[in-house]
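Student: Please walk me through this one slowly, as I have not looked at it before.

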Amino acid sequence: MKINTLLFDLDGTLINTNELIIESFLHTLHSYYPDQYKRDDVLPFIGPTLYDTFTSINPEKTEEMVKVYRKFNHEQHDTLVTEYETVFETIKTLKEHGFKLGIVTTKIRDTVNMGLKLTKLDQFFDVVVTLDDVENAKPHPEPVLNALAQLDSKPEEAIMVGDNHHDVEAGKNAGTKTAGVSWSIKGREYISSHNPDYLLERMSDLLPIVGVK
């Protein structure tokens, strides 16, 4: 079955929001637990939903902590977000070759739109599935299946691309091929250990995989 559909995680895959996310967590946690959390302590929080993370820290304050996080995150967004090498050119080339492109993310739509607009990637994506659109976040297959349904694609025609085990597992659970990105903040070994079908050193590595010269 020929691949005609590519689904991408956003943060840490298409756009580099790592500094923004880390600073947002540190700012929020410092407000509640001064000097208790360092940079390395918050790396495991990259990937799960904010609700999952803050509930695991303080269930009674979850809602409040999410608000503090999002306020800081939105205020600092355009200063701290950058784009990964070869991403724009690769996505543009895929679009020009007629591939169906979608984003599957655990972020809320407002924040997603900010990132896509800032990097001018918004023009290329037919479908964007956010946390607002689903009952179950990745690694549950629902967000991936939702994107495929909107694109009128079958799982076996698609690759799910991401930097986190949630992305690889969501793709596998939905029946797609999967690609891990070696620029994952958690490291190449980490993403490789979840056995994606492909491991990308840079985004342009996708092109030969889907038959674009």
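**Working through the model**

Tutor: Let us start with T86, which is buried at 15% relative accessibility, where buried means under 20% relative accessible area, exposed over 50% and partly exposed in between, with a 1.4 Å probe and protein chains only. This is a predicted model, in which local features need pLDDT of at least 70 and side-chain atom pairs count only at pLDDT 80 or more, while totals for chains, interfaces and linings use all residues. Residues are numbered from 1 along each chain as its sequence is written, and side-chain values use heavy atoms, leaving out hydrogens and water.

Student: Where is the place of T86, and what value does its phi have?

Tutor: T86 sits in the loop between β3 (82-83) and α5 (87-96); helices (H or I, at least four residues) and strands (E, at least two) are DSSP runs, numbered from the N terminus. Its phi is near 65°, a positive value in a residue other than glycine.

Student: Changing topic, which residue does the "active site" annotation cover?

Tutor: The UniProt annotation, from an unreviewed entry, covers D9; such positions use the numbering here, feature names are shortened, and annotations may be inferred rather than shown by experiment. D9 is in the loop between β1 (5-8) and β2 (15-16), and with a relative accessible area of 7% it counts as buried.

Student: And what is D9 in contact with?

Tutor: Leaving aside neighbours within four places in sequence, D9 is in contact (heavy atoms within 4.5 Å) with residues including L14, V104, K138, M160 and D167. The side chains of D9 and K138 are also joined by a polar contact of 3.0 Å, that is, a pair of N or O atoms within 3.5 Å, one able to donate a hydrogen and the other to accept it, with residues adjacent in sequence counting only if both atoms are side-chain atoms.

Student: What kind of peptide bond joins K138 and P139?

Tutor: That bond is cis, with omega about 15°, and P139 is in the loop between β5 (127-129) and α7 (142-151).

Student: Back to polar contacts, which side chain does T17 pair with?

Tutor: The side chain of T17 makes a polar contact of 3.4 Å with that of D11. T17 is in the loop between β2 and α1 and is buried, with a relative accessible area of 0%. Leaving aside neighbours within four places in sequence, T17 is in contact with D11, G12, V81 and K107.

Student: How about G180, buried or exposed?

Tutor: G180 is buried, at 0% relative accessibility, and it is found in strand β7 (residues 177-181). The C-alpha atoms of G180 and D167 are separated by 8.2 Å, with the two residues 13 apart along the chain. Beyond neighbours within four places in sequence, the contacts of G180 include G162, I191 and Y198.
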